[in-house]
Amino acid sequence: MLTDEYDDLRKSVESFAREVVAPVIGDFYERCEFPYEIVRRMGAMGLFGLPIPEEHGGMGGDYFALCLALEELGRVDSSVAITLEAGVSLGAMPLLRFGTDEQRARWLPGLAAGETLGAFGLTEPGGGSDVPGGMRTTADLDGGEWVINGSKAFITNSGTTITAFVAVAAITGRRADGRPEISTIIVPAGTPGFTVSKKYSKVGWSASDTRELSFTDCRVPAANLLGERGRGYAQFLQTLDEGRIAIAALSVGLAQGCVDESLRYVHERHAFGRAIGGYQAIQFKIADMEVRTHTARLAYYHAAERMLAGLPFKKQAAIAKLVASNAAMDNARDATQIFGGYGFMNEFPVGRFYRDAKILEIGEGTSEVQRMLIARELGLSGL
Amino acid sequence: MNIVVCVKQVPDTATERKLRSDDKTLDRDAADGVINELCEYAVEEALRLKEAHGGEVTVLTMGPDKATDTIRKALAMGADKAVHLVDPALHGSDALSTSYALAQTLKKIGFDLVILGSESTDARTGMLAAMLAERLGTPQLTLANKVEISGAGITVQRVTDYGFDKVEASLPAIVSVVEKINEPRYPSFKGIMAAKKKQVQTFGIADAEIDAAQVGVANAWSEVADFAVAPPRAAGTVVKDEGDGGVKTADYLASKKFI
């Protein structure tokens with residue numbers, strides 16, 4: 001059960017999502033437009049600073065508080081939820097964890113207030129789950145500066161007018177065993193040689209900002225190295241492990257949103273002389289949707305609980321992400337089916353949920369990668 | 001400046017609201033209690049005035065034990081402390097006796113400015129600000145959509161049917177606000193955590209020197225004589241246009257005395 005303060009936070013975000021996001025987000029989605037005013041207000045209520053300590057301008061909460069906020073936003077809309085998720089998990093957390101005092105002082109207060117966004121550039125056009133082997137982007141030290149060359153794909157929050165920087169993972173040399181040495185380097189927005197291409201046209205998450213980035217002899221000071229040289233791969237693995245819990249929370253939100261919308265609709269919609277909620281075919285669908293949502297929520301609560309207790313949580317995070325993204329996809333399909341023809345219309349939220357659900361089985365580790373991690377945790381990798 | 005905001009817990013308008021069959025008062029157990037929406041605007045205005053002029057914001061609520069949820073919400077928004085007037089003797093008080101009980105409490109805790117929402121979503125009498133001002137002998141500035149403080153003076157824009165009036169008074173004063181006045185903030189996690197440590201003082205009727213013979217359902221000046229569940233909406237009348245649709249529609253409206 002949630003304690004009072006977590007539950008009060010959940011309710012606060014629930015009201016915000018219902019009153020501020022829900023009435024207007026459909027229009028932003030339709031126009032593929034980033035909702036700056038909503039993001040500003042999310043910042044004003046402290047959502048971007050939830051797991052950031054107060055000394056860095058944050059709320060002094062924890063990662064579970066962030067997950068609760070993501071679930072409540074996700075119930076109404078995934079574009080704003082992923083903007084928050086990426087802004088905190090991928091933008092602020094690596095700086096908080098691995099940044100120098102100077103880097104934190106420079107970037108964290110703005111990020112925690114939601115006034116600026118940070119992005120994390122890992123995936124490349126030619127490589128996804130096969131990092132680091134598939135990585136091509138390089139950074140070489142030259143005269144006290146990093147010179148970056150390469151490109152990054154599908155980078156969230158990287159091209160907004162409030163984007164402050166992109167933390168770029170790049171090959172900075174070869175290790176003794178011949179494998180690439182990966183490091184992370186902070187590239188401020190507007191640095192010469194750093195080009196942000198136009199937004200992708202996406203199937204879903206249409207009101208979020210996703211770009212392809214390219215770097216051509218892009219020079220930044222050597223001091224922009226984030227964390228230790230050669231630790232970039234280990235750093236992002238840690239970032240992704242907790243990010244999976246956050247994506248699970250967002251997925252549970254979408255799954256719950258499908259239940260909310262369907263429950264309302266089956267009272268209103270009549271067929272063959274009665275409300276369709278009276279038919280067992282519909283009731284069983286909604287019961288299944290509720291079951292998936294509930295079990296997925298328990299899975300992410302459990303993973304978050306282990307993480308906050310300092311216990312190993314890699315397997316639990318992978319399970320939560322797998323179960324929750326499946327729940328989101330299945331619920332979106334069922335909710336759309338319940339809505340019938342109206343489910344195929346963009347003016348109803350379920351159509352948006354349907355378009356937004358698929359990416360949850362892909363981003364932050366595909367479902368296949370989650371299964372691989374779970375099998376590995378069960379000791380099945382060396383057979 | 002010492003600002004007191006009167007807030008009220010009301011049944012959630014999104015749920016089914018009921019009256020009790022025994023004493024015909026609101027059944028507060030039947031629905032979730034939430035902070036009255038206009039009270040959030042009152043809290044927000046108090047916080048903005050404090051941020052601009054300094055001072056302290058105290059939340060005052062009269063209500064049953066579970067009204068602590070509403071107090072916590074106002075504290076999480078940023079109010080400094082709270083007074084909870086709670087006593088079984090107050091159950092069923094009408095607007096007049098509520099104004100008496102709150103006025104007695106306000107005399108105890110002191111104030112430069114009292115801010116209220118202009119009405120609640122449950123009783124909707126909209127009289128409390130005026131009644132409080134009468135009982136406390138202060139100016140009343142009601143239906144404000146803008147409040148300005150300068151020294152010991154206060155100026156508000158009072159919303160009217162024809163636009164607005166500019167009303168000035170000296171402090172201490174009572175102000176009621178409308179929803180156009182501001183955009184209430186959503187409690188942040190830091191605010192929620194801080195609220196746990198803030199002081200909530202509980203007053204019974206003796207603490208506020210409230211005369212039991214002037215409050216409660218038995219001493220109310222207004223009384224709910226009877227109530228019934230709203231009848232289900234009847235089917236509408238369909239006028240079929242066979243060339244005389246306009247005439248038929250007019251006849252229908254005339255039969256209902258609309259025209």
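In this predicted model, A:M345 is partly exposed, with a relative accessible area of 37%, and A:M345 sits in the loop of chain A that runs between α8 (314-339) and α9 (349-357).

Elsewhere in chain A, helix α3 (residues 63-76) packs with helix α7 (residues 280-308) at an angle of about 160°, their axes being 9 Å apart. Since angles over 145 degrees count as roughly antiparallel, α3(A) and α7(A) are therefore described as roughly antiparallel to each other, and the crossing in which α3(A) passes α7(A) is right-handed.

Over all chains, the structure holds 46 salt bridges. One of them joins the side chains of A:E145 and A:R219, at 2.7 Å from N to O; because A:E145 lies in strand β3 (residues 145-156) of chain A and A:R219 in strand β7 (residues 210-221) of chain A, the pair ties together parts that are 74 residues apart in sequence. A:E145 is partly exposed at 28% relative accessibility, and A:R219 is partly exposed at 36%. Also in chain A, a network of salt bridges links A:D7, A:R10, A:K11, A:E14, A:E72, A:R75 and A:D260.

In chain B, a salt bridge connects B:R72 with B:D69, with 3.9 Å between the closest N and O atoms; these two residues are three apart in helix α2 (residues 68-77) of chain B, so about one helical turn separates them. A further salt bridge in chain B pairs B:R20 with B:D23, where the closest N and O atoms are 3.5 Å apart.

Key
Residues are numbered from 1 along each chain as its sequence is written. Chains are lettered from A and ligands numbered from 1 in the order in which they are written. This is a predicted model: local features need pLDDT of at least 70, side-chain atom pairs count only at pLDDT 80 or more; totals for chains, interfaces and linings use all residues. Side-chain values use heavy atoms; hydrogens and water are left out. Helices (H or I, at least four residues) and strands (E, at least two) are DSSP runs, numbered from the N terminus. Buried means under 20% relative accessible area, exposed over 50%, partly exposed in between (1.4 Å probe, protein chains only). Axes are lines fitted to C-alpha atoms, for helices over the stretch in contact, and angles run from 0 to 180 degrees between N-to-C directions. Angles under 35 degrees count as roughly parallel, over 145 as roughly antiparallel, 65 to 115 as roughly perpendicular and the rest as oblique. A crossing is left-handed if the near helix is turned anticlockwise from the far one by less than a right angle, and right-handed if clockwise. A salt bridge is a side-chain nitrogen of Lys or Arg within 4 Å of a carboxyl oxygen of Asp or Glu.
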